[in-house]
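Subject: A structure for you to look at

Hi,

Here is the structure I said I would pass on. Please open it beside this email and follow along.

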Amino acid sequence: MEQLNVHVLFLKTKAWSYQVERDLLSFQPDILVLPIQPLEIVTDSVGLEFFKTVKKCFIGKLSPEWTRFFEASELDVEPYLEDEQFIWLNAKLTAEGFIAAYYLEEHEMVAGKQFMISGFGRVAKLLATQLKRMDAHPLIVVRSSVQLAEAQAMGYETRKLEYGITCDQSIFINTIPAKWLTQGYHSLLTTCQRFYDIASSPGCLALEGDYSHKYKLYTSLPGQFLKEDAAKLLFKCVTESAKNVEGGTVCYKANELDLG
């Protein structure tokens with residue numbers, strides 16, 4: 001953005017703090033870009049006075065507090081996670097980011113290995129395609145009969161995600177953004193080679209105990225392994241949508257490992 005002669009303030013933070021409020025009052029941005037993961041609110045509340053100059057606000061995921069704030073405001077808000085192009089390209093980066101995480105953790109080639117993937121949304125579809133191209137063997141496990149049929153029609157091996165399912169020492173990859181890994185699915189942890197959770201924070205694990213030897217949480221893969229590509233993707237989304245916004249100051253607030 002600075003290369004386009006836009007005045008940019010970058011705040012590397014995970015929280016909405018009094019310091020953030022002071023920075024906003026001093027900078028007075030025209031455009032505000034919030035990170036994918038919602039900022040923790042550590043002030044008493046969020047006031048509209050800190051958004052008085054904001055003509056457009058780009059948002060990622062919202063906590064209940066942020067949802068209530070934006071619903072009560074009259075701000076021009078754009079959820080970039082609802083932009084189909086952004087979603088698919090970010091899913092593609094997530095799939096490639098998993099490959100990087102796999103090499104880092106396993107020190108093994110992908111070809112010939114068995115992978116079980118839970119879910120069959122955008123990330124799962126792109127990841128399964130990538131693994132298959134690399135001569136790996138992806139197997140799709142889902143609850144939905146519709147997704148099961150879709151995966152079968154696309155030529156993938158499938159299994160029903162149900163209590164007692166085993167992993168047969170495969171690499172398990174979760175893409176379902178919910179805390180579904182309860183006691184009924186504990187068998188997956190005991191029978192997998194490794195369990196990679198690449199869905200949204202805080203992950204799918206809903207069990208007490210230390211499973212760090214098997215369970216690996218990677219919820220920001222693009223930001224961790226493909227920072228430049230992740231930044232370019234958000235840059236394209238913001239700049240294309242903000243073309244008609246008058247003004248030239250931008251404030252970008254990011255989590256440390258954003259764009260995942």
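Below is what was found in it, from the whole chain down to single residues.

**The model as a whole**

This is a predicted model. The protein chain averages a pLDDT of 92. At least 70 is the score for 94% of the residues. Take care with residues 256-260, where the pLDDT is below 50. Beyond near neighbours in sequence, that stretch still has 22 contacts in the model.

The chain has 260 residues, and buried ones make up 49% of them. Its secondary structure comes to 8 helices and 13 strands. The C-alpha trace spans about 55 × 35 × 35 Å along its principal axes. Now look at contacts between residues at least 6 apart in sequence: 60% of these join residues at least 24 apart.

Start with helix 2, residues 64-72. Which of its residues are buried? They are Trp 66, Phe 69 and Phe 70. Seen down the axis of helix 2, these buried residues fall within an arc of 90°, so they line one face. Pro 64, Arg 68, Glu 71 and Ala 72 are exposed on the other side. What covers the buried residues? The cover includes strand 2 (15-16), strand 4 (40-41), strand 5 (56-59) and strand 6 (77-79).

Next comes helix 8, residues 227-241. Helix 8 has 15 residues and reaches 21 Å from its first C-alpha to its last. That is close to the 21 Å expected at 1.5 Å a residue. Ala 230, Leu 233, Leu 234, Cys 237 and Val 238 are buried in this helix. They cover an arc of only 120° around the axis, which puts them on the same side of helix 8. Here is the background: an α-helix has 3.6 residues a turn, so residues three or four places apart point the same way. The face of helix 8 turned away from the buried side carries Glu 228 and Lys 232, both exposed.

**Aromatic rings**

Ring centres must lie within 6.5 Å to count as a pair. By this rule there are 23 aromatic pairs. Two of them are worth a look.

Are they buried or exposed? Phe 98 is buried, and Tyr 102 is too.

The other example is Phe 120 with Tyr 156. Here the centres are 6.0 Å apart and the planes are at 70°, so the pair is edge-to-face.

One aromatic cluster is formed by Phe 98, Tyr 102, Tyr 103, Phe 115, Tyr 196, Tyr 218 and Phe 225.

**Charges over rings**

Go back to Tyr 156. Lys 132 lies over its face, at 4.8 Å from the ring centre. Then find Phe 58. The charged end of Lys 56 sits over that ring, 5.8 Å from its centre.

**Backbone details**

- Ser 201 and Pro 202 are joined by a cis peptide bond, with omega about 10°. Pro 202 lies in the loop between strand 11 (194-197) and strand 12 (215-217).
- His 107 is not a glycine, yet its phi is positive, about 55°. His 107 sits in the loop between helix 3 and strand 7. His 107 is exposed, with a relative accessible area of 68%.
- Asp 135 is not a glycine either, and has a positive phi of about 65°. Its place is the loop between helix 4 and strand 8 (137-142). Asp 135 is exposed, with a relative accessible area of 54%.

Best wishes

Technical notes
Residues are numbered from 1 along each chain as its sequence is written. This is a predicted model: local features need pLDDT of at least 70, side-chain atom pairs count only at pLDDT 80 or more; totals for chains, interfaces and linings use all residues. Side-chain values use heavy atoms; hydrogens and water are left out. Rings of Phe, Tyr and Trp (its six-membered ring) pair if their centres lie within 6.5 Å; planes under 30 degrees apart count as stacked, over 60 as edge-to-face and the rest as tilted. Buried means under 20% relative accessible area, exposed over 50%, partly exposed in between (1.4 Å probe, protein chains only). A charge sits over a ring if NZ of Lys or CZ of Arg is within 6 Å of the ring centre and within 35 degrees of the ring normal. pLDDT is the predictor's confidence in each residue, from 0 to 100. Contact means heavy atoms within 4.5 Å. Helices (H or I, at least four residues) and strands (E, at least two) are DSSP runs, numbered from the N terminus. The expected span of a helix is 1.5 Å times one less than its number of residues. The arc is that of the directions from the helix axis to the C-beta atoms.
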